[in-house]
Number of protein chains: 2
Amino acid sequence: MFVYAKDRTIEDLGSGVTRKVLAHDGGLMQVEVNFEAGAVGPMHSHPHEQLTYVLSGEFEFTIGGETRIVRAGDTMYKKSGVPHGCRCLKQGVLLDTFTPQRDDYLPK
Amino acid sequence: MFVYAKDRTIEDLGSGVTRKVLAHDGGLMQVEVNFEAGAVGPMHSHPHEQLTYVLSGEFEFTIGGETRIVRAGDTMYKKSGVPHGCRCLKQGVLLDTFTPQRDDYLPK
């Protein structure tokens, strides 16, 4: 029930992006994703619904064909199957929450 | 799809607690809850599953009979129906995420 930041492993995804999977238990999963300035989250989609909360930095996001700039405290809702991607304008961290959890983010 | 922090209303819940409902669309809802030091989130439960991410401050949380202290970056998973509550030790903000959304948090 309690998941401490200090106990979580940072995964290097390459190209200036790292990921830290936080609490998850089937119905929900939370993940911190750190981007260096200029790093890109390529356009993709998935059946999971997703909320993204901007913890820090500045990002240009495209969701369902709409492109906007977001900063700390801004949130984005990505419905099931809606294509989305981002470009990091100033180094920062996104907090992604999925329902259901992303099983593909768990150790094999 | 895009919800800006600056556009959201802060609700004063009294006793040192304020709330700001962020992005939500049925399946997920995200909410910032600000606590002054000493403020209390009384023990309660609900059918929604919930993740809590500590944005800042220090909190003593009790979940399902277990009590621990959490700080920025720590996360907690509250399964459906599990009793939980907190006491704020140092002023801070929690980010709560629910599935499904909390309809009782929406304007009547």
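In which sense do strand β2 and strand β3 of chain A pair, and over how many bridges? In this predicted model, β2 (residues 11-14) and β3 (residues 17-24) of chain A are antiparallel, with three bridges between them. A:Glu11 has A:Arg19 of β3(A) as its bridge partner. Two residues lie between the strands of this hairpin, where A:Ser15 adopts a positive phi near 55°.

A further hairpin is built from β6(A) and β7(A), again with two residues between the strands, and A:Gly64 in its turn has a positive phi of about 55°. Here β6 (residues 49-63) and β7 (residues 66-71) of chain A run antiparallel and are joined by six bridges. A:Thr62 is placed opposite A:Thr67 of β7(A).

A:Met1, A:Phe2 and A:Tyr77 supply 23% of what chain A buries against chain B, more than any other three residues. Strand pairing also crosses between the chains: β8(A) runs antiparallel to β1 (residues 2-3) of chain B, joined by two bridges, and A:Met76 has B:Phe2 as its bridge partner. Two salt bridges are counted between the chains; the side chains of A:Lys79 and B:Asp25 form a salt bridge at 3.6 Å, N to O.

Terms used:
Residues are numbered from 1 along each chain as its sequence is written. Chains are lettered from A and ligands numbered from 1 in the order in which they are written. This is a predicted model: local features need pLDDT of at least 70, side-chain atom pairs count only at pLDDT 80 or more; totals for chains, interfaces and linings use all residues. Side-chain values use heavy atoms; hydrogens and water are left out. Two strands pair if DSSP finds at least two bridges between them. Helices (H or I, at least four residues) and strands (E, at least two) are DSSP runs, numbered from the N terminus. Buried area is the accessible area (1.4 Å probe) that two parts lose on being put together, summed over both. A salt bridge is a side-chain nitrogen of Lys or Arg within 4 Å of a carboxyl oxygen of Asp or Glu.
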